[in-house]
Amino acid sequence: MPKATHLECSLCQQRFDAAQVNGLCSCGGPLLVRYDLDHLRVRWLRRVVADGPANMWRYAPILPPADSHVISLGEGWTPLIRTRRLGSRIGAENLWVKDEGLNPTGSFKARGLSCAISMCVELGIRKVAIPSAGNAAGALAAYAAAAGIEAHIFMPCDVPQANYLECMAYGAKVTLVNGLISDCARMVGERAASDGWFDIGTLKEPYRIEGKKTMGYEVAEQLDWELPEAIFYPTGGGVGLIGMWKAFEEMERLGWIGSRRPKMIAVQAEGCQPVVRAFEENEPRSRFWEGAQTVAAGLRVPKPLGDFLVLEAVRKSGGTAIAVSDAEMLDAGGRLASEEGIFAAPEGASCVSACEKLLASGFLKAADRIVLYNTGSGLKYNEAYATRFPRTAAGEQDKLGGLITPR
Ligand SMILES: Cc1ncc(COP(=O)(O)O)c(C=O)c1O
Ligand SMILES: [Zn+2]
């Protein structure tokens with residue numbers, strides 16, 4: 001099976017050799033992996049996908065690494081669950097949740113980093129660095145550990161505790177930064193060249209998007225190759241949304257789906273909504289969001305590098321961009337958990353609240369088939385959910401699994 005033919009700049013369309021290590025284009029544009037889709041179209045039929053493994057590597061022919069370089073912990077092929085109570089309460093007859101919280105390391109970030117680390121193995125890269133809002137760091141640390149690669153992580157000092165602990169446990173070198181992910185990105189950028197690190201930050205390299213695009217392949221396959229009317233996606237850097245949009249284009253060229261697309265709905269936090277603002281102002285790019293603040297750590301991205309790609313996909317799809325408050329996210333997270341048995345990250349829960357709003361406004365119809373992406377597990381957000389469910393009994397803080405812990 002052919003793999004990538006080349007890399008292509010998403011801004012100026014310059015081509016790059018897929019066998020070489022590449023970061024951004026010289027014009028600053030993120031690079032996208034391109035394949036010989038006409039060749040694949042006749043050799044890779046969608047019905048054989050079902051015979052593949054129950055993880056995202058069932059789409060290996062359209063992923064860049066050679067099979068022998070794949071570092072997998074079982075990411076992808078997450079369940080698409082039809083809601084039992086939530087849909088009827090909010091007026092959606094055909095409502096689904098794609099539960100990415102079941103991935104290794106508890107978030108969809110596993111997909112992108114499995115693919116990116118596999119490509120590091122293929123290209124002989126031994127040291128990687130990442131600026132992260134939290135979950136990407138955990139996933140990078142896990143896959144780097146599995147691959148035996150050195151991982152350097154820069155994340156805000158107020159990331160969820162779970163993200164810090166998992167990175168330490170996986171043996172990564174962690175720097176906690178008194179700032180935002182944009183400050184972390186600057187620090188990685190300053191040291192990458194001198195320290196010999198491959199910068200694996202959002203869209204700084206071409207491979208994470210390839211892993212994330214499998215969310216688009218999966219939703220099509222799980223709905224029997226019929227895309228839904230609307231997809232809600234919690235948008236920080238926006239790579240998942242960009243990746244799914246790329247997947248739909250590839251699938252159409254493979255002859256697997258038609259030209260109809262879901263309305264792509266980018267959900268952001270009220271305290272950090274650069275994409276929503278740009279969408280409403282009809283701008284092609286976003287402006288830096290000052291004072292970014294939200295419990296949804298993954299949405300605290302004040303200026304996404306791929307904003308123009310997110311905005312383009314949202315607009316072309318007839319979708320929209322919408323913001324949700326932290327209180328609405330946590331309330332929605334509680335309802336999703338108690339009504340459906342799905343404990344979502346606040347990022348994922350934001351989609352529930354956004355969906356309620358767009359049904360109430362008439363933007364979506366009751367009969368529309370709607371898919372909400374829960375991008376991570378609520379279990380990683382103890383601090384955020386503890387504000388909803390405080391434990392006040394004396395001595396509780398000393399208990400660990402019912403035991404009194406040594407002090
Ligand atoms: C749980 C969760 N959801 C959503 C996002 C945003 O991801 P993207 O960069 O694809 O917009 C993140 C990023 O950190 C995240 O951790
Ligand atoms: Zn370029």
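This is a predicted model: local features need pLDDT of at least 70, side-chain atom pairs count only at pLDDT 80 or more; totals for chains, interfaces and linings use all residues.

Residues are numbered from 1 along each chain as its sequence is written, chains are lettered from A and ligands numbered from 1 in the order in which they are written, and side-chain values use heavy atoms, with hydrogens and water left out.

The zinc ion (ligand 2) is held by the SG atoms of Cys9, Cys12, Cys25 and Cys27, at 2.3 Å. Donors here are N, O and S atoms within 2.8 Å of the metal (3.2 Å for Na, K and Ca), and sites may look incomplete because water is not among the atoms. Along the sequence, the donor residues of this zinc ion follow the spacing C-x2-C-x12-C-x1-C. The four donor atoms subtend angles of 104 to 118°, so the arrangement is tetrahedral (four donors with all angles between 85 and 135 degrees).

Next come the helices, which are DSSP runs of H or I with at least four residues, numbered from the N terminus. Two packed helices are described by the angle between their axes and the distance between the axes. Axes are lines fitted to C-alpha atoms over the stretch in contact, and angles run from 0 to 180 degrees between N-to-C directions.

Helix 5 (residues 135-147) packs on helix 6 (residues 161-169) at about 15°, with axes 8 Å apart. Helix 5 is therefore roughly parallel to helix 6 (angles under 35 degrees; 65 to 115 count as roughly perpendicular, over 145 as roughly antiparallel and the rest as oblique). In contact (heavy atoms within 4.5 Å) are Asn135, Ala137, Gly138 and Ala141 of helix 5 with Asn163, Glu166 and Cys167 of helix 6.

Helix 10 (residues 239-253) and helix 12 (residues 307-316) pack at about 55°, their axes 9 Å apart, and are therefore oblique to each other. Leu241, Ile242 and Trp245 of helix 10 touch Leu309, Val310, Ala313, Val314 and Lys316 of helix 12.

Helix 13 (residues 326-340) and helix 14 (residues 346-360) have axes 7 Å apart at an angle of about 95°, which makes helix 13 roughly perpendicular to helix 14. Residues of helix 13 in this contact include Met329 and Leu336, and those of helix 14 include Pro346 and Val352.

Terms used. Helices (H or I, at least four residues) and strands (E, at least two) are DSSP runs, numbered from the N terminus. Four donors count as tetrahedral if all angles lie between 85 and 135 degrees; four count as square planar and six as octahedral if opposite donors are over 155 degrees apart and all others between 65 and 115; anything else is irregular.
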